Each structure stands twice: as C-alpha cells, then as structure tokens.
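Take a slow walk through this protein with me.

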Amino acid sequence: MAKPSAELTRELQDSIRRCLSQGAVLQQHRVKLETKPKKFEDRVLALTSWRLHLFPLKIPAKVESSFNVLEIRAFNTLSQNQILVETERGMVSMRLPSAESVDQVTRHVSSALSKVCPGPGCLIRRGNADTPEGPRDTSPNSETSTSTTHSVCGGFSETYAALCDYNGLHCREEVQWDVDTIYHAEDNREFNLLDFSHLESRDLALMVAALAYNQWFTKLYCKDLRLGSEVLEQVLHTLSKSGSLEELVLDNAGLKTDFVQKLAGVFGENGSCVLHALTLSHNPIEDKGFLSLSQQLLCFPTGLTKLCLAKTAISPRGLQALGQTFGANPAFASSLRYLDLSKNAGLLATDESNALYSFLAQPNALVHLDLAGTDCSIDLLLGALLHGCCSHLTYLNLARNSCSHRKGREAPPAFKQFFSSAYTLSHVNLSSTKLPLEALRALLQGLSLNSHLSDLHVDLSSCELRSAGAQALQEQLGAVTCVGSLDLSDNGFDSDLLTLVPALGKNKSLKHLFLGKNFNVKAKTMEEILHKLVQLIQEEDCSLQSLSVADSRLKLRTSILINALGSNTCLAKVDLSGNGMEDIGAKMLSKALQINSSLRTILWDRNNTSALGFLDVARALESNHTLRFMSFPVSDISQAYRSAPERTEDVWQKIQWCLVRNNHSQTCPQEQAFRLQQGLVTSSAEQMLQRLCGRVQEEVRALRLCPLEPVQDELLYARDLIKDAKNSRALFPSLYELGHVLANDGPVRQRLESVASEVSKAVDKELQVILESMVSLTQELCPVAMRVAEGHNKMLSNVAERVTVPRNFIRGALLEQAGQDIQNKLDEVKLSVVTYLTNSIVDEILQELHHSHKSLARHLAQLRTLSDPPGGPSQGQDLSSRGRGRNQDHEETTDDELGTNIDTMAIKKQKRCRKIRPVSAFISGSPQDMESQLGSLGIPPGWFSGLGNSQPTTSGSWEGLAELPTHGYKLKHQTQGRPRPPRTTPPGPGRRSQVPVPGMRQENGMATRLDEGLEDFFSRRVMDESSRNWVTWRRWKKERMGGVPERKELICWRIMTGKRRTPSPLRTEWKGLQNGRRD
C-alpha cells in the first residue's frame, strides 16, 4: 500500500496510481530533484516493486523519468536528507523531506535488490559520495534484509519479474505460477526448459537469466529443443555468475562449435563454478570445440562426475586431446563416474584412441561406460577395463562394435578374465556385434566362473550367432548362474530353437528371455518350436518371469503360445508385438486372460487387431483382476480407429478402466482359481481312477471265494484302496473348504485387528506430543498473539479436533488394503498346498491300485493254469471260469493295455496338457483344414490324421487308449473289376515281371478267365474322367519318376492337376502329355 505524503493532494496521488495501473504504488514522496547544479525543483517520487518513477506536480500525472532497481550502480545517502543514485544512464540527486523518508526509500531499494541477487548491500552506502561510511546490514537477521533463502524456489519469481521489468517485457504469470506451485510442490531443483517450450525465445532467455543468482536450482535441462542465440548467451551468462548450478544438459539443442569455445572461456572466468555434470550430446561440436573444452577441463580442480558427448561429430584427434586431459588431471580418475561417447563412428578405430585406453587402464571411478557405435576393439577395451574399473563398473554398452581389429579365430583372453572378475556389473550390451564363436564361449565361461554377480542383463541381439552360437549356448549356458535377463533376438537361430529352448529352460537363474525375430522357419517347424516354448513355461520349476517373441511374424500360430498363458503361473510379462495374429489371436488372448492370474504386463501391437479384437480383450478384462499394465498399441489402435472410431474409443476406455481397477488393492476372485484348479487336479486322474477301480473290483469279485490266506489279505487291502479312491474325489474341495473356514477368523486377522488398535493409540499419542510442541513454539515466537488469543486449554482442544485421525481410516488401511493383500497371497499359498496334497495322495492311490491289480491278475492267471490239467473240475477251476465268464476278453488283454507299470510322469503330463487350451481350427495348416480339403477329393475323414498319428507310442500309460478311432469308412477299390492289359514294355531292373499266372483265382474262389470283359471293355464306362486320369497318372508316374511313396501320391496328383499351385517342371511335362492325348 502506498504511503501518502502529507504535502501531496489526494487528487495527485490518485492520478499517479491511475498512471501506474500495471504495478502497485508502494510509496509516494515529494522530493526536490536537482535538475542543474545547485538548482532543485519539486517532483513526486513513486516507488513500485522494481522501479522508481519521477512525476511533475501536475494533473493528470505523467511519468517524467524512471529507472529499474537493476540499473542502479551505486546508492548513496548524503547529509541533509539527500540521496545520490548512480544508474546506467547517469546520476540522480534528490532531497527528501525527512530522514524517515530517506530510510523508507533506502529500505525499499535494498529489499528489491536482495530479492534479485544475493548480497546487494554493497550498493547501499551512508555518508558522502567520496567517503562512504560502509555497507548497511543486509544479513538475513537484520530488519532491512529480505533473504531469498526462505522464499519459494529461491525467489525465482521475483527475480524473473525484475528482469522482465528491466528489459521492458511483459512478465508471464504462468511461469511464476508453474515454478511457485509445481516445482515447489515437487521439491524439484531441475529447471526444465521443455516445460516452457511454447513460449518465445526471449521469454526463455529471461528465465535462464533469472537462474544466475538463484540458490535453489542446481540443474538446467534442455533436450530436443533448438535454442536461439539469445538463450545461449544467457546460458553462458548464468554459468559465469552462478555458484549453485551443478549440472548442465543441452542435448540436441542446436549448439555449434563457437558456443563450446565460449563455454570453455566461461569455465576459465568463473572461479566459483561448481559444475560437475555436462551433457552436450547430439550437437555438431566437432574437434575445435573439444580442443578448447579439453584445455579448460585440464584446469578443473574437482573434475567432472558425468560427461556425455554422444553423436557430437568428434574425430580421433579430438578424442586424443580429451583422453590426454583425463590422464593429466588427476581429479578425473577419482571423480568421473559416467562417460558416454557413443554414436561417434570411427572414434576408436585408430591408434589415437590409445590415450583413452590408457586412462581406462589406470585405476578410475567409472560406473557407467557407453561406447556404442564407436568402432572400438572390444578385446582391447576389456583388457583396459580389467585393470581400471572392473571391480565397480555396473553398466557397459559396446553395441555396434567389432570384437577385434585383428584377424584370427583364437579366443580373446580379455573376455574370460573380465567377465569372471566383474563384481558389480548389472548390464552388458553387445548387440549388433558380430561375435565370433570363440568370443561367445569365452564370455560364457567367464560368467560361469563369476560368483559375485546376480540378475545380470546380457544383450546379444543381432550378433549373427546362428547354429554355432546356439550350440555354444546349449553347452555352456547351463553353468551360468548370474544371468537373470538374456536377449537373443534376431540371431538367425530359426530351427536351432528346437534344441536351444529346452537348454534355456535348464538355466533356473534366467528370469527374462527375449527370442524375437528368430522364427524364419517353415510352418511345421514353427509349431514345434512354439510347443517347445509352451513346454518350457509350463514346467513346475520354470523360473521365467517375462518372455518376448516380438516381431517374429508368427501370425495365427501365436495362438499356440497364447493358449498356454491361460493356466500359466510363472510369467508376469509377455511381449507379443509384431506377430500379425489378427482378431483370432486377440480372441485367444481374451480366453487366456479370463483364467490367468499371474500376468501383470502385456505388450502387444502391430498385430492387425481391429476394434472387434479389442472388444474381446475388454470383455476378458472384466473378469481378470490381476493384469496391471497393457502397453498402448499405437499402430493397431490407429488402424482400428480409422475404420470404427466410436467403437474403438469405447473399447479402449473400457480396457483402461479395468486396468485402473486392477491397480487398486482389492479382493481377488479366489473362487474362480479354486474351480479352475479343481478341474485340473481331479478331472485329469478321475478317469484313470475309475478304470482301475472297476478292474480291481472285478478281480476282487472273481477271487472272493479263494481260500488262500495271502489272497484274502490282498483282497482286503484292495477293498481299502477302492474306498480311499472313492473318498479322494472329495479330497480337494474338502481341504479347500477347511482352509477357507479356518482363515475367516484365523490368527492373521486377529493379529491385524490388534495391530490396528495399537496403531490408533500410537497415532493419538504422537499427535498429542506434536500439538503440544507446536503450541509451545508458537507461544515462544509470538507471545503477544498468544496472550491476545483465547485460553491455552481451549485453543488446544480446538486444534485437537482438527488433527485427529479417524480410527476407521486406520482400520481400513490395515485390514482392507494391507490386510487384503496379505489375505490374497495367503489364499494363493493355501490353494497350492491343497493342490500338492491332493496330487500326492492321488498319485499314491494310483500306484497302489495298479500294484494291487497286477497282483490280483497274477493270482487269477495261476488259478486258470491250475484248472487246465485233465481231471474233475476243481474249486480253482470254478473260480477261474466264473471270472472268465464275466469279462473274458477284458482279462486277456489286461497286461497289454496296462503295461508293466503306471507312469506317474505321464499322469502329470496329462494334467499339464489339459491346462493348455487346444489349438484353434482357424490356424492355417491344421489337420482339420486338411481333412476338409481332402474330402473334396473323395478321401474318407481321418485319413490325414491317421498318417500323422501312425507312429507307435512308447509310453506305458493309458493316455492314448481313449483317442483311438472306433469307426471309419471302408476303402473301396473302384477299378477292381477291370482286367489289366498285358504290358508291352519290359520290366525295369529290380522289378518283377507282371505276367498273368494261369489259374489265378478271385477272392470268392472261382477261376478267372483271361478274356473276361474284353467284349465290353471299350463300350462300358466303369470310371469317370478324373479316375481315368488318376490311373493314367499313376502309370506315367511309375515310368517317369520310378515310383513315389504311396502317402505322397495324392499330393503329387494335386500338384499335377493344378489343385496345388507350384512351378514344377514335372507338372509342365504332364500337361503337355495330356494336351497331346486330346489332340
């Protein structure tokens, strides 16, 4: 509020306020302005926040002159209430009416300057101009000081406003609000120019200038934003003045060589510079800038902790100067922890890189080293690091480099030594490096000897490992226990994955696996590889937590892997992007999500998914409460939105709503998991139990009259086993129900209730102590206000009502949030225990039932043998005849069907297979599609399936008995009745002459006449044109090709007749033959 002077009229004061409407008038004084030597005229001095204005005594008021506080070079208070102000434009001398007015003006100027920059008291002096008395007290404890240490973000808004007023620009209030609100709330000391990239360049320049004396911000950040010359000038000015700026990031900011040269000069001028992190990546700085910068870094007393110079067009000559600086300044050996020289092609390809190698070979503090795409020799670099920072290096990126500049196949010795001696390594990137086989073996051998590392990420993508690399991985990866994440994408493994995938599964320390771009194989091989992957992730002891098959172009065969995700319990993250699985794949994914409870993250895009596919996934997420994150499929969503915008938008909002719901703590649907697990546990062995119990019961009935005591003991034991088998059907639900009942009011919930009560009491006690301490401090700092306020006790009670934490909130936080998470995990463990107990008991019952069955069957066989000798019928003969009368055929084939022993592993395999959803009929190349295609050629159903399943089974279990075909069509020989003409060509070598044998008989036993059917041979049509062509084809095929396996005859016939397109020269020859016959 302006302080009016008694000598100024009200009208004049109001006119001055209207004239300075943009800023609040804080003070108004009537002064004597010295216009000429010893000549004073009346004026009005009006003070605003950052400016001093002089008005003549006229209405309406008009500004005669003004100057900003930042223009003041000296401010002197002389005798007789006179003030002498030195500005950039000259001297201003004025006489105020009283000493109090002089003190008010002096304090206002001092306060304004202290908000802009620290320590402005040196400008405020008392005494005459020639012999100043000394600076006023402007320390934080003085009454005239306004320190910026307690202001918001170091007083940035005030400094910015003062600079805007000084430069005559409009102050952007949005900048002040963002800094005072967002930056202050986040306690953010990084000033990011990207937050204000929408403003003009001159506004950015003023913001950077405001950081020159700011003590709050310690980092200036700008990336992918081209900065103008005026902004870069202010960056240099800020670095030359700032004593708090510790990190400068100008990544891809359009810097040139001259800026780096000026920056080097600024480092030399500012002795108080505390900069220790410098990032100038993606700027064409070239060697001139690096030479200047290297010279100044040589004099840095503390060195740098971080230096990023990626893709800066530096040559080996500039690198040589930088390496020499690192070696000459001992501070860098102990300070430099982060070095990035990547994306500078040819940087380390010459001998000038020896300076850097020499620095790396000396003891240093490097933790992060990125030399990707610098053409460095990896074996030389690892040899240097082995002696330098091997013990504490954590990140190493050597992608897109060569293993060695020397030609030779011997294994680089540095590989094995380095990777066996690295103690803290967590990330190794060797992607796009043509890694020789011996180098790969040395790497794996070194890692196998390293017992200090764990969860190491190794990136070997695009290394052209191929078959030899796959073989090396199979042989040596099993001994490596420190690798937790392995990227093998785009290595040309292809069919070698058939043996590599099982080898990867044997490494139980592997948690994250990337296998994309390795499936360039035929359809059948691809299916076999995917089945290997399914078998890997379905193992009970599988350690994988994430799997990526991105960009593998699996198409519809992606469903083979997706179907296994339904009941999978190990994978928490899966990447299915770039496989083109279309809406069918999305539908299969939706079915898997409905029953999966372990997946937390799914990445899928570039799969040609339409709005219909997203709708299936959205419906599945309604019943899935565990998936937390799904990447935004930019490509597929964009394509779907173009065709169906409204449906796509609604579906994706529904998906996002489900994901948000899942990220909040809530009760998981354990009943669904129970029903799923119950079906998997009981149904898998129920059929086998029923068959075994039925056969044992028949044998018990057949032997119940046998008087032998051992037989009776076994019969009693068999009856007990049958009883246990019947009771085992209710074992799983009974155990689960028991656990559910006991958990409702178990020790966990009781303990949580007591903890909630104890926490409520502790919160109340803590609030009481805090409240009393705050009131005491308030009374100490503001005793007058406390005495004026109401009584002490009443004030405490009023405040206590405001700071009380409701007990319901504490109880809900412990029981509903933390307690619910604990209960969900407890339910999962309980279900696994029930499953384990049930599986164990059922397996034991199956084994004992089978042993009992074998023993009883052996007794029956012995009784049958005893009843065979001649004589009168004995009791054993009667018993055996009774047994045979019930099921004679069944008993005769018992041993053949059951085998010699029950295969429990086959039972487990059957359970596992039942967890996996069968392959959909929409997948191209499936047996169902082939059956439909063969049906058009007259081939009966089941013919193609019989070819694939014709191999004999080696398992001794019964899992294949129920799958044998029980019906089918009888094959019919359509040309059996037609006699064959005599051959005119001699038989080839190795063939028997097909001369008709006299006296040959037909199947009905009658003799065959040689001339039978010749009369109507050319008049009667016994087969259609296609059949005639088929027979002609078979004859011509035998003459032309020397015979084709019978299973391939039909396929070849389809090729020749054009029903399967192929550029076969054989087909061309066959067509020509057909055309000649028509002519």
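Let's settle one word before anything else: a residue is buried if its relative accessible area is under 20%, exposed if it is over 50%, and partly exposed in between, using a 1.4 Å probe and protein chains only. Helices (H or I, at least four residues) and strands (E, at least two) are DSSP runs, numbered from the N terminus. What you're looking at is a predicted model, where local features need pLDDT of at least 70 and side-chain atom pairs count only at pLDDT 80 or more, while totals for chains, interfaces and linings use all residues. Residues are numbered from 1 along each chain as its sequence is written, and side-chain values use heavy atoms, with hydrogens and water left out.

Now find strand β11, residues 219–223. Because 4 of its 5 residues are buried, β11 is largely enclosed by the rest of the structure. What does β11 pair with? Strands count as paired if DSSP finds at least two bridges between them. One partner is β10 (residues 190–192), which runs parallel to β11 over 3 bridges. Here Asn-192 stands opposite Tyr-221 of β11. To get from β10 to β11 the chain goes through helix α5 (residues 201–209), making a right-handed β-α-β crossover. Right-handed means that, with the strands pointing away from the viewer, the path from the first strand over the helix to the second runs clockwise.

β11 also pairs in the parallel sense with β12 (residues 247–251), over 5 bridges. In that pairing, Lys-223 has Asp-251 of β12 as its bridge partner. Helix α6 (residues 229–241) carries the chain across from β11 to β12, and this β-α-β crossover is right-handed too.

On to the rings. Rings of Phe, Tyr and Trp (its six-membered ring) pair if their centres lie within 6.5 Å; planes under 30 degrees apart are stacked, over 60 edge-to-face, and the rest tilted. That rule gives 15 aromatic pairs. Take Phe-156 and Phe-217: their ring centres are 5.9 Å apart and their planes at 75 degrees, so the pair is edge-to-face. Since Phe-156 lies in helix α3 (residues 156–167) and Phe-217 in the loop between α5 and β11, the pair ties together parts that are 61 residues apart in sequence. Phe-156 is buried at 0% relative accessibility, and Phe-217 is buried at 2%.

A charge sits over a ring if NZ of Lys or CZ of Arg is within 6 Å of the ring centre and within 35 degrees of the ring normal. Arg-189 lies over the face of Trp-216, at 3.8 Å from the ring centre, and Arg-95 has its charged end over the ring of Phe-40, 4.4 Å from the centre.

Next, look at helix α11 (residues 354–361), where Ala-355, Leu-356, Tyr-357, Phe-359 and Leu-360 are buried. Their cover includes α9 (316–328), α10 (330–335), β15 (338–340) and α12 (378–387).

Finally, step back. The protein has 37 helices and 25 strands, and buried residues make up 43% of its 1079 residues. pLDDT is the predictor's confidence in each residue, from 0 to 100; the average here is 79, with 73% of the residues scoring at least 70. Over residues 871–914, though, pLDDT is below 50, and it stays under 50 over residues 933–968. Where pLDDT is low, the predicted coordinates should not be read in detail.

Conventions
Contact = heavy atoms within 4.5 Å.
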